[in-house]
Amino acid sequence: MPTTEDFTHFPVQMWQKVLSKVKKAVVFMDDKCAESLHWCGGAVVLLEAGARNLKEFSSFEACGVNEPKAVFVVSTLLKGRTVDIIKDIISLSHFQYCVVVTAVSHSVHLLANNVTTDMEGNPVFEQFEEKLCEWMGNMNYTAEVMHVPVVFAPVSQQLLLTPMFAHLFPLLSPDLEAINAKRPEKKRFGSLVDIDMHSLPTELQFEIKSLASVLNSVFEATGTREESFAVGPMSRIIAGELANHPQAKNRRKTAPNKASIIFVDRTMDLTGAVGHHGDNLVEKILTMLKPLPGHVTDVQVDMLELTSLQRTPHSETTLAPGCLAQTQSPAAQALWEAMLTNKHKEGVMEVRRHIVEAASKEKLPIKMSMGRVTPEQLCSYTQLFKNSWEALESHCGVLQLGLATAQTLRHPGLPRWDACLAFERLLLQALGDSDFSAVLRQLLPLMKPRGDDDSTTSGSRSREDECGPDELILLLVYLYSLADEAQTTDQDTEEEELEKLERELIGALTLVITRETELSPLLQKLTDCTNPKELTTERAHSAVEEMFETLRGLSHTRDHLKQLRSVYTASDGVHQATYRPFLRQILEEVFHPDRLECPDIEHMSGGLTDLLKTGFSMFMKVSRPHPSDNPLLFLFLVGGVTPSELRLIKEVVTTHKPGTQVLVLSTRLLRPTDMPELLFTTQRLAPDIGV
């Protein structure tokens, strides 16, 4: 019986296939594959396997005469821009041996080339090998093209991410309009639930088929037969595609091991994705520190405090940043797991304990102090290591995690986290007592440009704990995702009131954005402007209007569900109103001792057999597969998972069914600010997979 450890080891096994090809080669790799490698050992494993160098996958890169071998590792189809870049690099170099590794399977390449039947061998790859020889200038040179699913990033023992699908996100109401616009009026879909695979744009179909192929390869490598379940429209499509995958059908006939996999759309619970209620250290680190360039998950840790360099405007570019992925140190890995799945306070205490233990081991003169952990205390502990190169090298992983914690705790943006949390709690209480317009109106006083004297009753917006445009957008998402939970009075009057209020909010938020002296990464993506000077009022107004179009649909994402329609418990006069995480509700249904059948968790693997069972169940008792039937459970969160949800999953499983092994798979590890980007700027209907 495979364990979760076998599955978290799978990405490393896939990279071993690539490593077997890199000896004496210069490796060119795109960002998504680089992020997967980053969590599987990083560039060091390539160099240890004999690679000469690692370069960016870019038309501006090339190799010299004394570098005859190249290995290209890409996450895309071998079409379009990907092919152009490979050709450019080869044309500017002097290669005699080229290996191309793609994370996209050959079956998806056939579909992309309009070949719908199964063919023997790998004709698309063979044709590409001929092209490679042609570009190298000699048909006798060596070229290899192969598919290796280097897709997963083992971020923890409990979590596998897929950087390649980081921008795959469930469909929203504007997507329904876009799909319907291309269909005859009589064949238009009434809701997102009605959309099927064939009605999606071709690029998105390829991406979903590629994901199904990747999941099949994991189950194939571990001899696993899965029972698939789905909650949400996009999850149904992905689970259905996995169920109908040709190789999956053959595998399920002979696979000795069993597991359940539940696909869940992130849109079923956006409150958990944007809320600041997680009480998790890693969630704050991911939000406060700058992302590592080219990465979706990891962040930059300033390492200057471990050196004797002076802090200057240029010192940031002098020293390479540290990061959270510490794959070489068992102590750092243990600390990372604790930070990821413990509460904030416990995580910070663990950081201090690990640094103190490391200092004691190296006999460094540490002055131990009890009580609250402060960023100054953590920094003073880490600085003890900078005068001992051996100690620094031995404990570098723990020190990077320690510095990440210290830099987060003293970050000037951290007070805004608590300000958002306080306001979210107020909104949560108000929802049970008022209609949605009345609750939404409470945001209006906050929507004043920073520094305005009359911006709030409590003082100036320039204060560190006041909300900026990013936080205001998060509060809007938080509130609209709960709109269905609010009290309703006269429907027509409320609609009219809401429209008028939204126009006010659009105008106010437009003014806030145009008065910003510096555009945050989120605002840059929303407005498509990098500089405030480029941002006109019309451009900002248009971006905010589009944003509100999406917001209006967020409250209806659970409308099709029969049982799990609410993530809110109203106040009863004794207890305050609370948010009820959707994942907790799903797991409580799955692990219910009476094995109740939840109509919202749809079984997707059955095919014809399931239809026959449905027919027979009219005359006799037929037991359907249940997610708790198997000792191994996968939760695939389509659109991202938060660190606080990882802790929640661990707690629920420990409480309800301790023996069950649960592995979380997801497209990305979410910080609250990721959600507006995914909701308002991602091209969900045209992902970049190299078509």
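Ala143 is buried, with a relative accessible area of 15%, where buried means under 20% relative accessible area, exposed over 50%, and partly exposed in between (1.4 Å probe, protein chains only). This is a predicted model in which local features need pLDDT of at least 70 and side-chain atom pairs count only at pLDDT 80 or more, while totals for chains, interfaces and linings use all residues. Residues are numbered from 1 along each chain as its sequence is written, and side-chain values use heavy atoms, with hydrogens and water left out.

Ala143 sits in strand 5 (residues 142-147); helices (H or I, at least four residues) and strands (E, at least two) are DSSP runs, numbered from the N terminus. Not counting residues up to four places away in sequence, Ala143 touches Cys98, Glu129, Leu132, Cys133 and Met136, a contact being heavy atoms within 4.5 Å. One of these, Glu129, is 14 residues from Ala143 in sequence and 5.3 Å from Ala143 in space, C-alpha to C-alpha.

The pLDDT, which is the predictor's confidence in each residue from 0 to 100, averages 90 over the protein, and 93% of the residues score at least 70. Over residues 455-462 the pLDDT is below 50, and beyond near neighbours in sequence this stretch has 26 contacts in the model. Where pLDDT is low, the predicted coordinates should not be read in detail.

Next come the nonpolar cores. A nonpolar core is a set of buried Ala, Val, Leu, Ile, Met, Phe, Trp, Tyr and Cys residues joined through side-chain atoms within 4.5 Å. The largest has 130 residues, of which Leu440 and Leu476 touch the most other members. Helix 21 (residues 469-480) gives the most to this core, with nine residues. Leaving aside neighbours within four places in sequence, Leu440 is in contact with Leu476, Leu479, Tyr480, Leu498, Leu501 and Leu505. A second, separate core has 67 residues, including Leu19, Ala51, Val150 and Ile238. In soluble globular proteins, nonpolar side chains tend to be buried together.

Glu241, in helix 9 (residues 233-243), is buried with a relative accessible area of 14%. Outside the four places on either side in sequence, Glu241 touches Met197, Ile208, Lys209 and Ala212. Glu337 lies in helix 14 (residues 330-341) and counts as buried at 17% relative accessibility. With residues up to four places away in sequence set aside, Glu337 touches Ser156 and Gln157. Glu337 and Glu494 are 157 residues apart in sequence and 47 Å apart in space, C-alpha to C-alpha.

Two loop residues provide a contrast. Lys24, in the loop between helix 1 and strand 1 (26-29), counts as exposed at 55% relative accessibility. Its phi is near 65 degrees, a positive value in a residue other than glycine. Asp528 is in the loop between helix 23 (521-527) and helix 24 (537-554) and counts as exposed at 60% relative accessibility. Asp528 has a positive phi of about 60 degrees although it is not a glycine.

On a 1 Å grid over the protein atoms alone, a cavity is a set of points where a 1.4 Å probe fits but cannot get out, and a pocket is an open set with protein on both sides within 12 Å along at least five of seven lines; lining residues have an atom within 4 Å of a point. Grid points are joined across faces, edges and corners, and a volume is the space filled by probe spheres set on the points.

The second largest pocket holds about 830 Å³ of space. Of the 33 residues that line this pocket, Ser105, His106, Ser107, His245 and Gln247 are the closest to its centre. Helix 8 gives the most to the lining, with six residues. By class, the lining has 13 nonpolar, 15 polar and five charged residues; Ala, Val, Leu, Ile, Met, Phe, Trp, Tyr, Cys and Pro count as nonpolar, Asp, Glu, Lys and Arg as charged, and the others, Gly among them, as polar.

There are two cavities of 30 Å³ or more. The largest cavity has a volume of about 40 Å³, and its lining divides into five nonpolar, no polar and four charged residues. Strand 9 (257-265) and helix 25 (582-590) each supply at least two residues of that lining. The second largest cavity holds about 30 Å³ and is lined by Glu35, Ala153, Val155, Leu161, Pro163, Val296, Thr297, Thr667 and Arg668.
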